[in-house]
Amino acid sequence: MKKIFTAAYSIEEANEIGHFIMGKGYEGVQNDSYRYCDLAIEIAFRNNKEHHRDCIYVGAGYDSMIVARTKRGLRRKGMKFIEKKRKFYELLEKHWSCEKEDIKEAAEIYAKEKRTMQAISIKQPWASLIAHGIKDIENRTWSCPKKYLGQRVLIHASGCHGKKFEINLTDEQMKQAFSLISEKSTSGEWEFGAIIGSVVIADCVQNHPSVWAEKGVWNWVLKDAVLFDKPIRDVKGKLSFWEYNLEETL
């Protein structure tokens, strides 16, 4: 079930719902990560307050988050109202699980059809965080070439001397990454010198609102990450984009 919405009775509640929706791979309002979503929520509450309405409606359309002042317009779009938040989250989570499998299957088909794919080397833990769909931004001092925007590229976890590295995260980043980092640090299962997955480079901007975006550099916006069941090990990385021959491994 893709087109569902629920009620929010405060800006904080609406933002909580909105971040959950976008965390499941949906685009933001006007295809923005969250800048316009936040503004749309504020405007909707302001307008409804003037009409003595105590809530607004937030939902997931076909591929993006939707904010509305009334139910009527959303129902006309074929969307279903889910009164209980818990049920709304469960339905969205169930849909996302299916969606992830579809993305993974499509990525595997794409890889098999291509003899070579572009790859980019990324240090740990960032490579794993990206492949697991947690980190949605890759920060670089240089802008991503336009020819790679919208393209799926391989994620190469670069080698690390002594296989040790520092993890410096903000509180917001740690909330998203703690589970994976804790699991891999305990098991010691970080991959180095291996292609561990693939991701689509959706955009390249500056000052992106994601918690993973750094200021003063280029923020590569990532989506539809796929973690490989079996990493392609013993692969030496290179600077910038580089070509990897898939015929021998896929």
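**Terms and basis**

Ala, Val, Leu, Ile, Met, Phe, Trp, Tyr, Cys and Pro are counted here as nonpolar, Asp, Glu, Lys and Arg as charged, and the others, Gly among them, as polar. The model is predicted, with local features needing pLDDT of at least 70 and side-chain atom pairs counting only at pLDDT 80 or more, while totals for chains, interfaces and linings use all residues. Residues are numbered from 1 along each chain as its sequence is written, and side-chain values use heavy atoms, leaving out hydrogens and water.

**The cavity**

One cavity of 30 Å³ or more is found in the whole structure; a cavity is a set of points, on a 1 Å grid over the protein atoms alone, where a 1.4 Å probe fits but cannot get out. Its lining residues, those with an atom within 4 Å of a point, are Ile120, Ile122, Glu138, Val153, Val199, Ile201, Trp220 and Leu222. They divide into seven nonpolar, no polar and one charged.

**Aromatic rings**

The structure holds 11 aromatic pairs, meaning rings of Phe, Tyr and Trp (its six-membered ring) with centres within 6.5 Å; planes under 30 degrees apart count as stacked, over 60 as edge-to-face and the rest as tilted. The ring centres of tyrosine 57 and phenylalanine 81 are 5.9 Å apart and their planes lie at 80 degrees, so this pair is edge-to-face. Trp142, Tyr148, Trp220 and Phe241 form one aromatic cluster.

**Charges over rings**

Lysine 71 lies over the face of phenylalanine 81, 4.0 Å from the ring centre. The charged end of arginine 140 sits over the ring of tryptophan 220, at 5.6 Å from its centre. Such a placement requires NZ of Lys or CZ of Arg within 6 Å of the ring centre and within 35 degrees of the ring normal.

Technical notes. 1 Å grid on protein atoms, 1.4 Å probe; cavity = no way out; pocket = protein on both sides within 12 Å on 5 of 7 lines; lining within 4 Å. Points joined across faces, edges and corners; volume = space filled by probe spheres on them.
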